[in-house]
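Notes follow in the order I looked things up.

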Amino acid sequence: MPPDPILEVAGLRAGYGGTQVLQGVDLSVGRGEIVALVGRNGVGKTTTMRCLIGLVRATAGSIRFAGEEMSRTAADARARRGIGYIPQGRDVFPRMTVQENLAVGELIGASRRQRRADLVYQYFPILAERRRQMAGTLSGGQQQQLAIGRALIGGPELILLDEPSEGVQPNVVQAIVRVLRSIRDDLGTTIVFVEQNLETILTLADRCCVMEKGKVVDAIPPGAVTSENVRRHLLL
Amino acid sequence: MLGNLFAGFYQFADVFAFLVLSAAGLAIIFGMMGVINMAHGEFVMCGVYVTAASYHAGLPLPLAQACGTAVAFLIGMVLEAVVIRPLYTRPLDSLLVTWGLSLVVTQGTLVLVGSTFPGIGTPLGGFRVGDYTFSAYRMVLFAAAIGVLGFVWFLFLRTRFGIQARAVMQNPGMAQALGVRRNRVYALSFGVGAGLAGFCGALYAPTMSLIPTMGSSFIVESFVTVVVGGSSVLLGTAPAAVALAVIRTGLNAWYGQIIGQIGLLVAVILIIRVLPDGFTGWLTRRTA
């Protein structure tokens with residue numbers, strides 16, 4: 001159990017239709033940590049992320065974020081409370097410009113009068129150059145940067161990031177990883193991410209939680225996130 | 001010569017205004033939520049009746065028209081929350097429910113208000129160009145149609161609500177995960193669609209006989225324009241209205257009203273054969 005947990009998940013169950021995917025996920029993440037959820041395909045990593053943001057309804061268990069119970073809270077309220085979400089496949093709004101995509105994320109923080117577009121452009125200068133370009137015409141790496149920027153602009157305390165390296169060139173992935181670490185170091189933002197790419201896990205994660213059959217079954221503690229330890233839990 | 005030229009423009013403007021004003025609300029509701037609102041004509045009728053009732057109660061016509069628009073907007077918001085919202089994932093059910101609503105409203109109006117309602121005379125009189133006299137109010141309708149397109153452009157491209165609405169339209173789940181209150185956006189969008197239908201009715205109230213089934217006179221043109229235009233008002237409804245107005249005006253002038261109406265429907269069949277997603281799909285592909 002981390003000393004200052006920002007996210008505490010206990011006995012989380014969820015699924016689609018009659019199929020139960022999550023069989024009681026237990027997870028605790030400390031403020032400012034970067035935690036990787038690892039495991040083979042189909043063990044429920046993405047469902048866990050979707051359940052944490054509220055896009056999949058929890059059928060049992062609890063999700064406490066910053067001490068507040070969230071398992072029955074709507075996704076939009078969770079986002080406004082401080083959870084940022086970057087889905088697998090990025091899901092940028094393709095027929096809106098880069099600037100407009102960021103503006104959607106900015107609406108969350110508008111009530112707190114946080115205008116963080118400059119900060120996003122500082123982390124991802126390519127987005128400033130392409131601010132008037134339609135998001136659907138960006139490359140995979142640029143879309144990933146936009147998706148991260150769009151989540152970041154609302155000033156989240158916790159970012160949920162699903163497969164950041166999927167469909168992105170390796171050199172761009174490394175640049176994104178460097179920015180994510182800067183975001184944590186500069187802003188204290190907590191990051192929970194799902195990843196299959198060994199290199200990304202090794203360079204980004206402080207520690208790993210291993211999922212199997214809809215549960216967290218093992219952990220790789222800080223200092224033990226090595227190629228050998230992680231590889232055992234990935235489908236390689 | 002000048003009179004003939006202006007007569008051609010006047011007829012085009014008249015058809016264009018009718019198509020844009022009658023279709024804008026329907027296109028917003030269809031484009032945003034995928035709901036085929038079969039009660040669209042009844043929102044138009046609501047605008048007509050509230051305008052007429054307010055006018056006969058002593059309000060000046062523009063204020064009475066604002067009342068007609070506002071009442072349709074409010075009824076749209078309530079209807080979305082109470083009836084439409086649970087049916088977003090069931091398009092056929094929403095179609096059936098709105099059709100049922102249209103029948104209930106039409107028959108309810110017949111029972112409660114009667115088969116006719118006192119009308120309003122067309123204001124502003126006429127003006128001459130060459131040998132012909134034209135109704136000034138029809139030019140107001142044309143200006144209002146341009147104004148509606150400008151309003152929709154401003155609302156959806158220049159406001160915070162517009163950014164939220166377009167995000168919800170493209171990916172409702174992702175928009176919600178970014179903090180957008182999806183239900184509020186849907187309710188407001190349905191309200192705006194219903195309000196624009198009411199605005200259409202309010203504007204045409206001084207030009208028509210007021211009967212409970214009058215909504216049906218707007219339905220054919222509005223659906224035809226939305227089918228040809230597709231889901232976007234700006235990329236779809238506007239160019240569709242221009243194209244259909246040119247076709248109808250030309251055929252009306254050369255062969256008369258009946259051929260004009262037939263030609264319009266034939267043109268629609270041909271256009272959707274070539275552009276199955278309407279002008280919206282075609283223009284979106286070209287700009288992608």
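Predicted model: local features only at pLDDT ≥ 70, side-chain atom pairs only at ≥ 80, totals over all residues.

**Entry 1**

I started with phi. Phi of L124(B) is near 75°, a positive value in a residue other than glycine. I found L124(B) in the loop between α4 (91-113) and β1 (126-129) of chain B. Buried or exposed, or something in between, for L124(B)? It counts as partly exposed, because I get 13 C-beta neighbours inside 10 Å for L124(B), and exposed would need 12 or fewer.

Chain A has a case as well: R90(A) is not a glycine, yet its phi is positive, about 75°. I traced R90(A) to the loop between β6 and α3 of chain A. R90(A) is buried, because 24 other C-beta atoms lie within 10 Å and the cut-off for buried is 20 or more.

**Entry 2: a glycine in chain A**

Next I looked up G82(A), which sits in the loop between α2 and β6 (83-86) of chain A. G82(A) counts as buried because it has 21 C-beta neighbours inside 10 Å. What does G82(A) contact, leaving aside neighbours within four places in sequence? I listed A66(A), P156(A), E157(A) and L158(A). I also checked G82(A) against F65(A): they are 17 residues apart in sequence and 8.9 Å apart in space, C-alpha to C-alpha.

**Entry 3: where the chains meet**

How many residues of each chain take part in the A-B contact? I have 22 residues of chain A in contact with 19 residues of chain B. On the chain A side, the elements that give two or more residues are α2 (75-81) and α3 (98-109). The largest share of that side, 6 residues, comes from α3(A). By class, I noted 13 nonpolar, 3 polar and 6 charged residues on the side of chain A that touches chain B.

**Entry 4: the core**

I then turned to the nonpolar residues. The largest nonpolar core has 155 residues. Those with the most contacts inside it are L160(A), F16(B), V20(B), L21(B), A24(B) and V48(B). Which element gives the most to this core? Helix α1 (residues 2-33) of chain B does, with 17 residues.

I followed up on A24(B). Not counting residues up to four places away in sequence, A24(B) touches V148(B), V152(B), L196(B), V233(B) and T237(B).

**Entry 5: α1(B) against α8(B)**

In the contact, α1(B) contributes residues including L21(B), A24(B), I28(B) and M32(B), and α8(B) contributes residues including Y186(B), F190(B), L196(B) and L203(B). By class, the contact of α1(B) with α8(B) has 15 nonpolar, 4 polar and no charged residues.

**Entry 6: α10(B) and α11(B)**

Helix α10 (residues 233-255) and helix α11 (residues 257-274) of chain B pack at about 150°, again with axes 7 Å apart. That makes α10(B) roughly antiparallel to α11(B). I logged the crossing of α10(B) past α11(B) as right-handed. Among the contact residues are L244(B), I247(B) and Y255(B) of α10(B) and I259(B), G263(B) and A267(B) of α11(B). I counted this contact by class as 7 nonpolar, 4 polar and 1 charged.

One α11(B) residue I checked on its own is Q257(B). Q257(B) is exposed, with 10 other C-beta atoms within 10 Å.

**Entry 7: α5(B) and α6(B)**

The last pair is helix α5 (residues 136-158) and helix α6 (residues 160-170) of chain B, whose axes come within 5 Å and cross at roughly 75°. They are therefore roughly perpendicular to each other. I have L155(B), F156(B), L157(B) and R158(B) in α5(B) meeting F161(B), G162(B), A165(B) and R166(B) in α6(B). Those residues divide into 5 nonpolar, 1 polar and 2 charged.

How values were computed. Residues numbered from 1 in each chain as written. Chains lettered and ligands numbered in written order. Core = buried A, V, L, I, M, F, W, Y, C linked by C-beta atoms within 7 Å. Helix = DSSP H or I, 4+ residues; strand = E, 2+ residues; numbered from the N terminus. Contact = placed C-beta atoms within 7 Å. Nonpolar A, V, L, I, M, F, W, Y, C, P; charged D, E, K, R; others polar. Axes fitted to C-alpha atoms, helices over the stretch in contact; angles between N-to-C directions. Parallel < 35°, antiparallel > 145°, perpendicular 65-115°, else oblique. Left-handed = near helix turned anticlockwise from the far one by under 90°.
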